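Subject: Structure for your review: salt bridges

Dear colleague,

Please find below the structure that I am handing over to you.

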Amino acid sequence: MRVLPLFIALSIIGCSAETAPAPDAKTPSNAAEITAPSGAYVLDPSHASLVFRVDHLGFSHYTASFDRFDAALNFDPSAPETMTLSASIDVSSLDIPTPPDGFLEELLGVDWFDADTHPEIIFHSNELIPTGPNSARVDGNMTMLGTTVPLSFDVTYKGGYAGYPPYDPNARIGFIAEGKINRSHFGLDTGLPPEGSTMGVADLVTFRIDAEFTGPPAEEANNNP
């Protein structure tokens, strides 16, 4: 029976130029149908992205990202209730498009993310609840600006394999995670619009994480049923 492995937290699925198979190599035709082994998985940062959006004045959705984040996943498709995830985001890696002079520094300052005092955003999972053959809800706690708040988000399992020697010898699995937070719950209330107005930066923040994880080498997986 297919089950959804657990994830958070935030790449475009595919092989990098360094690990891409040769053009004449026979590649798996449907990664979602291939079973990856149980074990400890870590984020592949070269195939990961974490993007968030927030309404600005009611006129547009301002889009930004974090460039450095990490995650560790205990993966067992035969017992999804035992899976656990821990993830962290380097707040100083905030990346915004074409910022005006000084704006990035302002966002990292005390009125917004306060990166010097609170350099990391942390997530720890508590529970996984399957919602379909390749989807689930992940429940856990997120800590930002020194405040811990329950967080739930939806994940979609994109597939995986036990390894593809000699190009990609380790197991690999991929996910999309999507969710939302109210920034005011963490005390980040700078610029909130007055009630009934959109004249400011909205409270609701949506996010999407695309990511691949790498696991044990094929030889190790074969020796651990």
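The paragraphs below describe the salt bridges and the surroundings of their residues.

Please note that this is a predicted model. Across the whole structure, the search returned seven salt bridges.

I begin with Arg 172. One of its partners is Asp 168, and the closest N and O atoms of this pair are 2.7 Å apart. Both residues of this pair, Arg 172 and Asp 168, are buried. Arg 172 also forms a salt bridge with Glu 212, where the closest N and O atoms lie 2.5 Å apart. This second pair links distant parts of the chain, since Arg 172 belongs to strand 9 (residues 170-182) and Glu 212 to strand 10 (residues 201-217), 40 residues apart. Glu 212 is buried, as is Arg 172.

A further salt bridge joins Glu 178 and Arg 208, with 3.8 Å between the closest N and O atoms. Because Glu 178 lies in strand 9 and Arg 208 in strand 10, this pair ties together parts that are 30 residues apart in sequence. Glu 178 has a relative accessible area of 42% and is therefore partly exposed. Arg 208 likewise counts as partly exposed, at 35% relative accessibility.

With kind regards

Notes:
Residues numbered from 1 in each chain as written. Predicted model: local features only at pLDDT ≥ 70, side-chain atom pairs only at ≥ 80, totals over all residues. Heavy atoms only, no water. Salt bridge = Lys/Arg side-chain N within 4 Å of Asp/Glu carboxyl O. Buried < 20%, exposed > 50% of the residue type's maximum accessible area, 1.4 Å probe, protein only. Helix = DSSP H or I, 4+ residues; strand = E, 2+ residues; numbered from the N terminus.
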